[in-house]
Amino acid sequence: MIGISKLYCGSVEPSDALRYGRRSKDLPSHLLQFSADKKPVVVWNVTQACNLKCVHCYAQAVDSRREGELTHAEGLELIDDLTAFGAPVLLFSGGEPLVRPDLPELAAYAVKRGMRAVISTNGTLITKEKALRLKDVGLSYVGVSLDGMEEVNDRFRGKAGAFRAAMDGIRNCQDVGLKVGLRFTINRMNVQEIPAIFDLLEKYDIPRVCFYHLVYAGRGSNLVEEDLDRGEARRAVDLIIDRTRDLFDRSLEKEVLTVDNHADGPYLYLRMLREGNPRAPEVLRLLEMNEGNSSGRGIGCVSWDGEVYADQFWRHYAFGNVRKRPFSEIWMDLSNPLMAKLKEKKRHVEGRCTRCRWLDVCGGNFRVRAEAVTGDVWAEDPACYLTDEEIAPVSEDVARATGTDRER
């Protein structure tokens, strides 16, 4: 997760995270990515059921609830364990989490136990009454997935009217004072919609947007050929940076992030160096704190049936099941060789990653994409768009001049 607005537009400084000792339990939500202990943000797919049929759904959602979902009582036990373990955030996802009737009660319990509860939703089921209920239970944030304007979004979602229903859901959240933002998955079929998404933020006063790079998992595995090539990815990220800067220049400060491709961090930093931005050294420090991809360490996933995964995309390898062992035990059990290597993945990545000067910043990027394309979980991420020149070590003189000597 790369905070474009935090880094490029200066809404966060290294001192902000250092003030809290970089401890997950103490950091406010907007600084969690800079924690030193990296207690996992946990995605709980509370159901596989969904009312839509998105073409890129990593969970391969189905149209009705299946047997085997964690029960309400099992969900409360999971939340108790996550709280004791120190997980700072519980993200309720699916399928579509609002298909599950007891979602508000589960979210309320997480908040009561001291966690920050958020949901990832398609937004179409958020009625006025549901929005008020979610606000009342203390939900911190609602992330609504939109992949373009009406025509493009509805094609992605597999249902006519999905865009309008999602916008109704967004307005319902806003009416009750519940923070709501957008989630957008970038690919060749919708990259041209990015400007319209920024226009939407401004028109409807939406405070936050996350631009997700495509991950080859679930139904998204069928879209590898629709992923951006290196040049297209660079242009898309530049566009996101430019539009974010424009908003800040006009005092319309929004939180803008890119997610699931940690090449964005070095790319942003190198752009700031070219522009002579005096904040570049501070941005590098924040990127070092962020540490790049955190699958198996700073983010984890519990599936609807209790299986534990390294992240929400890595669904073909489970480390255990919370019905048999608590999440906290599974997460810290380094007798599993893959879990042990994920805790220190920078030592195991291969290919270009081994000679990349940004390894400490990127963390080796996404292992799921590497495995999907090459069959090797430790191969270089094919979605890394940095050039060989950009990843090559720099001379000592250049390092000192640019403040990059910490990379070496």
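Predicted model: local features only at pLDDT ≥ 70, side-chain atom pairs only at ≥ 80, totals over all residues.

Reader: Which strand does β3 (residues 89-93) join, and through how many bridges?

Author: A general point on strands comes before the case. In a regular strand, side chains alternate between the two faces of the sheet. Here, strand β3 runs parallel to β4, and 4 bridges join them. Valine 89 has arginine 116 in β4 as its bridge partner.

Reader: In what sense do β4 and strand β5 (residues 141-145) pair?

Author: The pairing of β4 with β5 is parallel, over 4 bridges. Serine 120 has glycine 143 of β5 as its bridge partner.

Reader: Which helices belong to the β-α-β units that contain β4?

Author: Helix α4 (residues 103-112) forms a right-handed β-α-β unit with β3 and β4. Helix α5 (residues 128-136) forms a right-handed unit of this kind with β4 and β5.

Reader: How is the packing of helix α10 (residues 264-274) against helix α11 (residues 280-290) to be read?

Author: One reads the angle and the axis separation: about 170° and 9 Å for this pair. Angles over 145 degrees count as roughly antiparallel, and therefore α10 is roughly antiparallel to α11. Gly265, Pro266, Tyr269, Met272 and Leu273 of α10 make the contact with Ala280, Val283, Leu284 and Leu287 of α11.

Reader: How many residues of each class does this contact of α10 with α11 have?

Author: The contact has 8 nonpolar residues, 1 polar residue and no charged residues.

Definitions and conventions
Residues numbered from 1 in each chain as written. Heavy atoms only, no water. Pairing = 2+ DSSP bridges. Helix = DSSP H or I, 4+ residues; strand = E, 2+ residues; numbered from the N terminus. Right-handed = clockwise from strand over helix to strand, strands pointing away. Axes fitted to C-alpha atoms, helices over the stretch in contact; angles between N-to-C directions. Parallel < 35°, antiparallel > 145°, perpendicular 65-115°, else oblique. Contact = heavy atoms within 4.5 Å. Nonpolar A, V, L, I, M, F, W, Y, C, P; charged D, E, K, R; others polar.
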